[in-house]
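These are my notebook entries on a structure that I looked up. I record each item in the order in which I examined it.

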Amino acid sequence: MGQSSGRRWFLKSVTALGGAASLPAPASAAEPHAQHAARAPSQTYMYLTQPEVAFVEAAVARLIPADELGPGAKEAGVACFIDRQLVGAWGTMAKMYRQGPWPEGTPQQGYQSPLTPQQVYRIGIGEVNARCAKQYGSSFSALTPAQQDEVLRGLDGGKIELEGVRSQFFFNMLLANTLEGFFADPIYGGNRDKVGWKLVGFPGVAAVYTAHVDRHGVPYNAVPVSIQDIVDNVAQVDEHGHPKHILLTRKD
Amino acid sequence: MATKLKPVDAAIVGMGLTGTIIAKELAEAGLKVVGLERGHWRDTDPDFAMPYVHDELRYVGRHELMQDLSRETISFRNNAAETALPMRQLGSFRPGEGVGGAAVHWGGLTWRFLPWDFETRSRTLARYGKGQLAQDCTSQDWGVTYNELERHFDRFEYLYGISGKAGNLRGRIVPGGNPFEGPRSREYPNPPLKTSYAGALFKQAAEKMGYQPFPTPTGAVSRAYTNEYGATINACVYCGYCMFFGCEMGAKASPQTAVLPNLMRQKNFELRTHANVTRVNLDAAGKRAIGVTYVDSRGREFEQPAEMVLLCSYVLNNVRLMLLSGIGKPYDPAANTGVVGRNYAYQTPSSVTLFFEDRVFNQFMAAGGMGMTIDEFNGDNFDHFGLGFIGGGFFQAATSGSRPIEVRPVPRGTPRWGSEWKRAVATYFNRSFPITIQGACQSYRGNYLDLDPTYRDAYGLPLLRMTFDRRENEHKMSLWLTDKAAQIAKAIGPSKMNVAPRTEKYTIVPYQSTHNTGGAIMGADPATSAVNKYLQSWAVPNVFVVGASAFPQNGGYNPTGTVGALTYWALDAIRSRYLKRPGPLAG
């Protein structure tokens, strides 16, 4: 496993540079950045409507569920991440080629939809919710987890056909954005408390690894550092701006 | 109406790896040089500064340093029977944009193509006979040999401070290096990078099987190094944000770290950013370039007269500018005549991913080009009798930077989402590594570049149209090579392996490599090449076309080292001969 949050870790008190160093010495060593990480998550949205937020939160909670390994995509703030992506350059295809004509093409020719990601979400969510209302009598977010999985599996594989957008296309976009939101730097609104990085054992913003890179097979259990941590001076940095990682050791 | 500017001696289109070197050398030779770059100015500070440069979503997911497709893209189809459609978002390859070009976000691997690569056709025919080549294969000799290029490879490696270990010093095989490489005149300028755990395991297994592993040569520089232009490249700190990123340490060789500090001090040189060249202007007879036309960030059109024009943009744009400007005869695949757009080729990458239950690899501690390689199965380093293909590729246990948006391998058969996926990604993110195979790609009659009849760029000009698929030669090669790599992987002892040869129809969607080649190929015969052996246009001799666009087919290596060598090779001919007496250098 990665360093799942259920385990107990204690501070080894060394940095990636190897020095015993002047570190902030937290009283509870289990989570040295806990104070910073506990900020209230943003609940405001710029593109998605409230029913759309409910859909996205419910869907991403099935794609990456909260379980014994730790929080899932919903807890990570992936809905907030997706909203911010949709409202920005990516959601409006600002850096993509948008001239027609728009035949669908072969799978090898890639993205050929005239829809922007904003429109894909609006149409896709609307149609899936309408379908759920017809089949189950309620919108997607009110279904049981088993029913939600059934719907998602129907979209992934194309068994459920949608009218305004290909179901597989919509699902692939939702899944890709969910993974991005779970693993991107928390500055984008997802990966709250760096739960995605903690799950897999990724340290985030890199330290100087010169002294560690050839320590073969030795685990590197660093408290992950985000861009925000550095800007807020929660993480200390060296002269080049690389964070001094705080390494944890498993307490057995 | 275009504003006509004061004439210059040389107009260079594109300020990437080749354009910056050429600008520096020509300015130093006393020419008045203008460098035209369609993107922004970029430098280590502040553009690649910490902590913002360690942002995987921005640089990998959203292509911060790469071409803006809203202005210009290509169209693509697998074969001429299909209708090409525009590449609407980046996928298979990621051309750069801005000062430094793709050499800002490159991965650093710096190879010399094998002597065999430069004589692919004649050596294949000599050893195997005609039957070894597919009927429609148009792979050919380059018109230049490894021996002619050697000192130019050397100069480029010393400019970019490449870290590596020589395997063949003037014909003497040196332990620890690549015994298959062509003879080199001296050792690399810098020692290899450190060896990762993945590299160490690969080395051990490969040696046991009788192979001769060596550290991958790379422009992620192992120690502080000052080059002939007085530029200092710093020591790599193995941060793992390398390929697709700019380097905050100034430790990755690039125009920014190796050339620009000197170039920007040259009094004869002027850089113009946001200058998008739309055509090379020719005289009434179409035999001589009289300058270029470009559009600036405000939409104003300028005409820059010049005595010579050097196309130094990415492969695809070099070819497109030739086609838009009428430099050379466009290739016609039906008649197999014409030269511009001919022999477009690519790469045939494949991989084996190894999964372990009890070993951690810390693959996020990494550098571009950090790896352990074997070259036994590249080029013609092995007997191809009875195999039904030519070419090969190097195998590398790669430690190039694992970040979880892009790199989170799970064993084949794992669901794509849900708790089972989550458990797998948590287990294997740090317990896996890949062996990658950089397979070669031959050229074929049906693979080519021309202008799209339908789709246009932001200036109303036709997009470049790519018609491409890999062939049986590439598929057979990939199966055979990947199986060989899987045997090494097995000897390392993983609990599971994903073996992924490249046999499917080429698709423009998933990232494969930014190693597009050809379309303005070099050669000895003007009937089958767009530029001569000095990268000079046969049709318009005061135009030079520099870059991997000159490769007649692609070898089983990353192209940058050979692009660098060709740059100095062409410059040598320009400085020593062309400037004294402008005119055709060959034929």
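I located Lys24(B) in helix 1 (residues 17-28) of chain B; helices are DSSP runs of H or I with at least four residues, strands are runs of E with at least two, and both are numbered from the N terminus. The model is predicted, so I note that local features need pLDDT of at least 70 and side-chain atom pairs pLDDT 80 or more, while totals for chains, interfaces and linings use all residues. Residues are numbered from 1 along each chain as its sequence is written, and chains are lettered from A and ligands numbered from 1 in the order written.

I checked the burial of Lys24(B): it counts as buried because 24 C-beta neighbours lie inside 10 Å. The cut-offs are 20 or more other C-beta atoms within 10 Å for buried, 12 or fewer for exposed, and partly exposed in between, with C-beta atoms placed from the backbone.

I listed the contacts of Lys24(B) beyond four places in sequence, among them Tyr229(B), Val259(B) and Gln266(B); a contact requires C-beta atoms, placed from the backbone, within 7 Å.

I then turned to helix 5 (residues 146-159) and helix 11 (residues 560-578) of chain B, whose axes come within 8 Å and cross at roughly 115°. Axes are lines fitted to C-alpha atoms over the stretch in contact, with angles from 0 to 180 degrees between N-to-C directions.

I noted the residues that meet there, including Phe153(B) of helix 5 and Trp569(B) of helix 11 in chain B.

How values were computed: Two residues are in contact if their C-beta atoms, placed from the backbone, lie within 7 Å.
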